[in-house]
Amino acid sequence: MNNKNIKQTSRFLSLLLRHKPETIGLKLDENGWADMDELIKKSKKRGLTRALIERVVEQDDKQRFSIEGNRIRANQGHSLAIDLGLKAVTPPEVLYHGTAIRFLDSIMKMGLTKQKRQYVHLSKEIETATHVGMRHGKVVILEVDAKGMYEAGYLFYLSENGVWLTDVVPKEFLREMV
Ligand code: HQG
């Protein structure tokens, strides 16, 4: 099992557990959990085995998945409307969002909106935000006044793997970092 294999499997699990379980006829419950036996059975043709899935869950660079008993789910990143059951928590004073320069005009007009996903994703570290932003093009980092938002009544959630989630970041809480 090499790193490429792990990465590919992680991508495929993300597709199934966040976006399109129907790709292999998989069912998720309302909290996003899939039955491991069903997943293994239905993904066998694509080369997934229990050992490979368990290895990915353990070694994934962002700890994207959780296994609990005989169930597996993605920790964040869903476009499917599932309930992760996260409790609202107090955010750090500042959070970061990395994005592409070409989105800036729109973001500074409309704020950060969740696009296809269930939440806007924010990072505690500038470095992580930079990696997230680079996926989209020439990167720019936005500083989010999380304290100000929290005091204004906006809710924040922390995913199992340390990603900060919120519904929207209005433009007045955003500042472009130079
Ligand atoms: C942008 C990855 C125009 C937003 C990462 C982003 C993360 C706007 C893109 C997780 C906008 C959406 C999420 C507006 C937001 N106008 N563009 N008003 N509001 N955008 O991929 O945050 O590796 O859905 O800035 O690590 O990039 O897959 O969100 O550029 O944690 O596990 O619209 O996905 O995790 O892109 O990434 P995405 P994201 P994984």
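**Entry 1: glutamine 115**

I began in the loop between helix 4 (104–110) and strand 5 (120–122), where glutamine 115 is found. The model is predicted, and I kept that in mind throughout. I looked up the backbone angle of glutamine 115. Its phi is near 55°, a positive value in a residue other than glycine. Is glutamine 115 buried or exposed? The cut-off for exposed is over 50% relative accessible area. Glutamine 115 has 67% relative accessibility, so it counts as exposed.

**Entry 2: glutamine 63**

I went on to glutamine 63. I found it in the loop between helix 3 and strand 2 (65–68). Glutamine 63 is not a glycine, yet it has a positive phi of about 50°. I then checked its accessibility. Glutamine 63 has a relative accessible area of 36%, so it is partly exposed. That label covers values between the buried limit of 20% and the exposed limit of 50%.

**Entry 3: the whole protein**

I stepped back to look at the protein overall. I noted six helices and nine strands. I took the box along the principal axes; the C-alpha atoms fill roughly 50 × 30 × 25 Å. Does the radius of gyration agree or disagree with that of a compact globule? For 178 residues, such a globule would have a radius near 16 Å. The protein has 17 Å, which agrees. I also looked up burial: 43% of the 178 residues count as buried. Last, I checked how far along the chain the contacts reach. I took contacts between residues at least 6 apart in sequence; 70% of these join residues at least 24 apart.

**Entry 4: serine 10 and helix 1**

I picked serine 10, which lies in helix 1 (residues 3–19). Its relative accessible area is 5%, so serine 10 is buried. The limit for buried is under 20%. Which residues does serine 10 contact, leaving aside neighbours within four places in sequence? I found Val56, Asp60, Arg64 and Phe65.

Val56 took me to helix 3, where it is part of the contact with helix 1. I looked up how the two helices pack. The axes of helix 1 and helix 3 are 10 Å apart, at an angle of about 90°. Helix 1 and helix 3 are therefore roughly perpendicular to each other. On the helix 1 side I listed Asn5, Ile6, Thr9, Ser10 and Leu13. They meet Leu52, Ile53, Arg55, Val56 and Gln59 in helix 3. I sorted the residues of this contact by class: five are nonpolar, four polar and one charged.

**Entry 5: helix 2 against helix 3**

I stayed with helix 3 (residues 50–59) and turned to helix 2 (residues 36–43). Their axes come within 10 Å and cross at roughly 120°. Helix 2 and helix 3 are therefore oblique to each other. I checked the handedness too: helix 2 passes helix 3 in a right-handed crossing. Helix 2 contributes Met36, Asp37, Leu39 and Ile40 to the contact. Helix 3 contributes Arg50, Ile53 and Glu54. By class, I noted four nonpolar residues, no polar ones and three charged ones. Ile53 of helix 3 turned up in this contact, and I had listed Ile53 in the contact with helix 1 as well.

**Entry 6: methionine 149 and valine 168**

I looked up methionine 149, in helix 6 (residues 146–151). Its relative accessibility is 0%, so methionine 149 counts as buried. What surrounds it beyond four places in sequence? Methionine 149 is in contact with Val144, Tyr154, Phe156, Thr166, Val168, Val169, Pro170 and Phe173. I also checked a separation. Methionine 149 and alanine 74 are 75 residues apart along the chain, and their C-alpha atoms are separated by 27 Å.

I followed the contact to valine 168. It lies in the loop between strand 8 (164–166) and strand 9 (174–176). With a relative accessible area of 26%, valine 168 is partly exposed. Beyond its neighbours within four places, valine 168 is in contact with Leu112, Thr113, Val120, Met149 and Tyr154.

**Entry 7: valine 132**

I ended with valine 132, in helix 5 (residues 126–134). Its relative accessible area is 22%, so valine 132 is partly exposed. From valine 132 to phenylalanine 173 I noted 41 residues in sequence and 20 Å in space, C-alpha to C-alpha.

Definitions and conventions:
Residues are numbered from 1 along each chain as its sequence is written. This is a predicted model: local features need pLDDT of at least 70, side-chain atom pairs count only at pLDDT 80 or more; totals for chains, interfaces and linings use all residues. Side-chain values use heavy atoms; hydrogens and water are left out. Axes are lines fitted to C-alpha atoms, for helices over the stretch in contact, and angles run from 0 to 180 degrees between N-to-C directions. Helices (H or I, at least four residues) and strands (E, at least two) are DSSP runs, numbered from the N terminus. Angles under 35 degrees count as roughly parallel, over 145 as roughly antiparallel, 65 to 115 as roughly perpendicular and the rest as oblique. A crossing is left-handed if the near helix is turned anticlockwise from the far one by less than a right angle, and right-handed if clockwise. Contact means heavy atoms within 4.5 Å. Ala, Val, Leu, Ile, Met, Phe, Trp, Tyr, Cys and Pro count as nonpolar, Asp, Glu, Lys and Arg as charged, and the others, Gly among them, as polar. The radius of gyration is taken over C-alpha atoms; the globule rule is 2.2 Å times the number of residues to the power 0.38. Buried means under 20% relative accessible area, exposed over 50%, partly exposed in between (1.4 Å probe, protein chains only).
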